[in-house]
Structure formats: C-alpha cells, structure tokens
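This report goes through a set of local features in the model shown here, beginning with a cut-off on which a later step relies.

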Amino acid sequence: MCGIVGYIGDENARDIIIDGLKRLEYRGYDSAGIALCTENGLVVRKRQGRIQNLENMIAGEDLYANLGIGHTRWATHGAPSDRNAHPHCDRSGRIAVVHNGIIENFMELKEWLQKEYGIEFQSDTDTEVIAQLIGVFYSGDLEEAVFRAVEKLQGSYGLGIICSEEPDKLIAVRRDSPLIVGLGEGCNFIASDIPAILRHVRKIYLIENNETVILTKNDVKIYNAQRQEVHREVFHVTWDADAAEKEGYDHFMLKEIHEQPKGILDTIRRRMDADGKIVLDGIRMTKAEIENFNKVYIVACGTAYHAGLIGKTVIEKLAGISVEVDIASEFRYREPFVDDRTLFIAISQSGETLDTLAALREAKRKGARVLSVVNVVGSSVARESDDVFYTWAGPEIAVASTKAYTTQLVCMYLIGLYMGREKGTLPQDVYDRYIEELLAVPEKIEKVLRQEKQIENLAKKFYRRDNIFFIGRGMDSAVSYEGSLKLKEISYINSFAIAAGELKHGTIALIEEGTLVIALATQDRLLEKMISNIQEVRARGADVLAIAKENRTAVEQQADDVIYIPECMDEITPLISVVPLQIFAYYIAKQRGCDIDKPKNLAKSVTVE
C-alpha cells in the first residue's frame, strides 16, 4: 500500500514521477500527489481519488523540474482528502516529504512541536509530523536535519524528502517499509517497488532497514543508523516490463488467472533435476536438520494464509511433522511455543507484508529456522530469512492474488516432498506419483480455462445475490476460504466460507430460499458426506453451484449447476479447483461494474499493522 517515486536528473521529473505512480496503482490508494523543486521554489500538487485527478489538475501548468517526489496514499491517519494527501511540507514550505508506513508516536511529537514551536498543522496525518520535524531541525544541512528527525521517529517508514534550498539532493530513509534505489546514467530514482522505475533502469539497490540514502543525479551514498557509509551490491532486474502490461486482457486479474499454468510449470521445473528429483535452490536443510524439527509454523496473511492451510495438510502427510498455521497479525501477540527445533515458514507474495515480517523476526529471536516463500526477489522477508523459496509467478499487478496463490501452493507441495524424501519416510512410488500429478497440473488448468464462457454465464445468472456461502470438506474447505475471499475482495458481495460439517452447528440457520451455496466436492473419500451437506442446504431452498471432478454424476444429480475439473488425485485438487472460483469472482465483479484490479479499501502490499 502507498506508492513512492522520486527522481533526480536532467529530465522533467513531473512526467517521470506521474508515470511511476501509475505503475504503482496496483498497490491500492485513495489520493495522489507530487512535489517538484522548480526554479520558483517548491511546488506541491495533490488530489483525492485517482491519479487522473492529479493529472487533470496540473495539465495546464508549466511545472518543469529536475527533482521531485510523488506519492499514492492509502489512508491510515485522517480520511482520504486533498489536505491529507501526500506530499506534506514543513511550515516554511521549503521541505516536502512522502511517507509509506505509520509513525506510532506521532501524537507525542505533534504535541511537542505545537508546544515548543507553535506549529499549526495543516492535515490529520502522522506524516506531516515528519515534515515539520525536519523543518525545525533544518539550518542549511538537509542530511543533518533528516538524521536528527529520524532519531525521534517510532514506527515504520519509507521516506522520500526534498528541499528547495538544496535542489541537487534527494534523500530517502527506510525502516520496515519497502524502498529501492534505481541507478541511471546522469539520473537516479527512489521507489517503493520495482515496476515504478523499470521503464528507466534495471540496476537497483535494495535498501535495508534503518538506512538513509543520499542521491544526486550522478551519485548514490547509503548510510546506516550510525551514519557510516555502507556499500551495496547492485541487483539486476531480469524480468521484462512488458510482463506488467495487460496484453489485450480487460484486466490484470484475468491476465494473471490465465498465466497460472506457466507460473506453476516454471515454479516446478526450476526445482527439479533431469531425474525428477526436487532440488530446492536457496534451501540448505540437511536430513539431520529436518529430523530435528519437532514442529512447523506456517504464518501468513490473507490469500497466503489460505495457501498455508493447504501447506499444513501437505507437509503433515508427506513429511510426518506437526504443522500449525497462524495469522501473522496474531502470531506474535500470543507467545507461541517456538524454539530452535521449530521450522518457521513465512508466506508473502510481496515479501513486504509488515505483519508477516514482524512475526518472522519474533520467530528468529526465539531461535527458529526461517524459510520464506515469496514472489519478489530481494524483498524484506526474503532478505531476513535463513532460506528462501521463490515462486516464479512473475509480477502480479491485480490487488486480488491469483497466480501468486497457486504458485505458493506448488511450493508447499515441493517443500513437503523434499522434506519427506530427505527424511526417508516417503515411499518412492508415492513421491513419483506426486511429481507426475504436479507436472500434469498446468495442462489441467488449461482445460478449466477453456470453460471460461460457461463460468461467465453462471456469473451472469448469480451476480445479483447479496449473500453467497462456500462449503467444502478436507482440502476443499481451505480452498473455499480462498474462493470466498476472492469474491468479497473484488465484487463486495458478503460471502462466507465454512467447513461443510460445521453447517449444522449454527450457520445453516442462515440458509433460506434463493441463497447461493458454492459447494466444493472434489475429495473422493469425502464425496458421500459432501453430497449429504448439499442435500441439507437444498432442502432449505438454496441454489447450489458445485465444483467436482469429471464423471461424478452423483454431484450433478444434487446440484443445480456443476463446474467440472479434470481427474486428479485428491491431494492435488486445490491447485485446480481454485481456478473456476477465481474466474467466477472475476465475472461476478465485472457484471457488478466493480473496479476489479483496484478494489476499494484494499492494497496489494500491506505494509502497516
């Protein structure tokens, strides 16, 4: 959430920054703004709503500058409005700040600034405190003022700072919020994510926690919290900027749904040798180390948490180790039983999810071995882990995650298979069957994608429903949580998922005539029980849309509509059964006229608690 872009060089900063902000729209935002260091001083323009509103505002202005910062805001302190949009300035109007994160002690600092300096604040935000703080410390040396201000800040922040008195300098600071530096020829950039500047540069510095960066157009210097200069290896971005374009699809979400077969195949094949043996690059766990683990924690948020629920079943079954799945925002507040015999698996698409990062640090502090599953190379979660398992989903732009989820599932299978094989507890024939089934998944998803028109027609049939229930048993119940989340994220329908066996323990009271129930019935060993649950809701007037394997005619006899997935072993179905749910959610939202790629109140990367 929140996007930061900064530029210093010889080109027009306004155009470069606006373009960069557009490439960060997927992160979620409610306002946008820009600060430019022009020959007439600092110029700040900001507007509530989409970036287009900001563009319309400045369209007729001659705002040429070689230095500037821009921001897309997702409200935390103060309602979305023009006055609360970033950038924020100090009272002199010389210093401008953009900020991603939360300043936890801002009220204390605000009261101090009001009492000691008589400062009148122009917004309701925590960010303005930073600008005013730098302003009171400024006496001709911006670096010194920033260092002094940062010493007083508690919380998380990625900062971009400029001053009209020093138009040859751009300063950035990072603590627990993503920040990168792009290295150009005669120009340099800051950003909160790579897509913002990939059109211009491919050489990147990944900024670490508690580091301050001083940029001029020809130089970049990085300092640690002790103001000592540190040297950083250049990270070369290898993926193509075109991967972040829609390529003819109406929305990024639909494009990313269709990219799942490739992402899954890439994630599998990059971890498999010619003999079909899994080789996990970035993971160095020996047989003795795996045998030493007496517990696995999988910790994540949202969609990644749902991937962890599948991971629990897979790892317990294949590796024979007890697994607990926890929501990252709850994990560190309940004193979990973690020690040096714990394997802690963090799952995060962006690798910047603050709750997951905080839980990871807590686990490391208690001695756990940390393995992260992330999609973004060089992200904070990846850098702070002992072992890293990268998914190969490619850039995911839509806020609602699709291909990141299925590639995370693949990682769970590969980790389970790897651990089971290393321990010697997984029979070869079982291992071989899993590998065969996983390699067949991309083609089976392609078959599901060919049913897109049928699923679209079902969406047209049901899009006016106000309440939709998802039910399933075994691994289907975990998939139902993800299907429900996708629907509510982008269509704003009140959807609810529950293990089918729990229906009679209260929830069935909500089932009435015309209620839509989406029933996942892909687990053969639980099929009879699932059919009984379908009969229960139909007896109370529900319409049932079922997801089932081919040739399961018993389901067809009980459900009103059925979407079939190709035949596969029960344990692999989550990789396939989630796809029709993604497509269904997409077309429901399209019928309802929703902003599918940028749903209201949501952000791609949640970098605040």
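A residue counts as buried when its relative accessible area is under 20%, as exposed when the value is over 50%, and as partly exposed in between. The model is predicted. D561, with a relative accessible area of 18%, is therefore buried by that cut-off, while K461, at 49% relative accessibility, counts as partly exposed. The two residues form a salt bridge in which the closest N and O atoms are 2.8 Å apart. This pair links distant parts of the chain, since D561 belongs to strand β25 and K461 to helix α15 (residues 452-462), 100 residues apart.

**Salt bridges**

The structure holds 47 salt bridges.

| E211 | R232 | 2.6 Å |

In the pair of E211 and R232, whose side chains meet in a salt bridge, E211 is part of strand β12 (residues 211-215) and R232 sits in the loop between β14 (229-230) and β15 (235-236), so the pair ties together parts that are 21 residues apart in sequence. E211 is buried, with a relative accessible area of 6%. In the pair of E229 and K221, by contrast, E229 is partly exposed at a relative accessible area of 38%, and K221 is partly exposed at 30%. Beyond these pairs, a network of salt bridges links D524, K549, R552, E567 and D570.

**The five-stranded sheet**

Strand β25 also takes part in an open sheet of 5 strands, which has the order β22-β21-β23-β24-β25 and parallel pairing. The edges are formed by β22 (494-499) and β25 (561-565), each of which has a single partner strand, so one side of each is left without a neighbour in the sheet. From one strand to the next, the twist averages 20°. Within the sheet, β23 (residues 516-521) and β24 (residues 543-549) run parallel and are joined by 6 bridges; A519 has A546 in β24 as its bridge partner. Helix α19 (residues 574-591) packs on the sheet, where it touches β21 (467-472), β23, β24 and β25, and its direction makes about 160° with that of β23.

The contact is made by Y405, T406, L409, V410 and Y413 of α13 together with P574, L575, V578 and Q582 of α19.

T407 is also found in helix α13 (residues 403-423), and T407 is buried, with a relative accessible area of 1%. Its side chain reaches the backbone oxygen of K403 at 2.9 Å. Once neighbours within four places in sequence are left aside, T407 is in contact with G263, I264, T267, T391 and A393.

**The segment after α19**

Which residues does I596 contact, leaving aside its neighbours within four places in sequence? They are H251, M253, I490, Y586, A589 and K590. I596 lies in the segment after α19 and is buried, with a relative accessible area of 1%. I596 and L254 are 342 residues apart in sequence and 9.4 Å apart in space, taken from C-alpha to C-alpha.

**Helix α5**

In helix α5 (residues 142-152), the buried residues are L142, A145, V146, F147, A149 and V150. An α-helix has 3.6 residues a turn, so residues three or four places apart point the same way. Among the elements that cover the buried residues of α5 are β6 (95-103), α4 (127-137), β7 (155-163), β8 (170-175), β12 and β13 (220-223). The N-terminal end of α5 is capped by D141, with a side-chain oxygen 3.2 Å from the backbone nitrogen of E143.

Key:
Residues numbered from 1 in each chain as written. Predicted model: local features only at pLDDT ≥ 70, side-chain atom pairs only at ≥ 80, totals over all residues. Heavy atoms only, no water. Helix = DSSP H or I, 4+ residues; strand = E, 2+ residues; numbered from the N terminus. Buried < 20%, exposed > 50% of the residue type's maximum accessible area, 1.4 Å probe, protein only. Polar contact = N/O pair within 3.5 Å; in protein donor to acceptor, adjacent residues only side chain to side chain. Contact = heavy atoms within 4.5 Å. Pairing = 2+ DSSP bridges. Axes fitted to C-alpha atoms, helices over the stretch in contact; angles between N-to-C directions. Salt bridge = Lys/Arg side-chain N within 4 Å of Asp/Glu carboxyl O.
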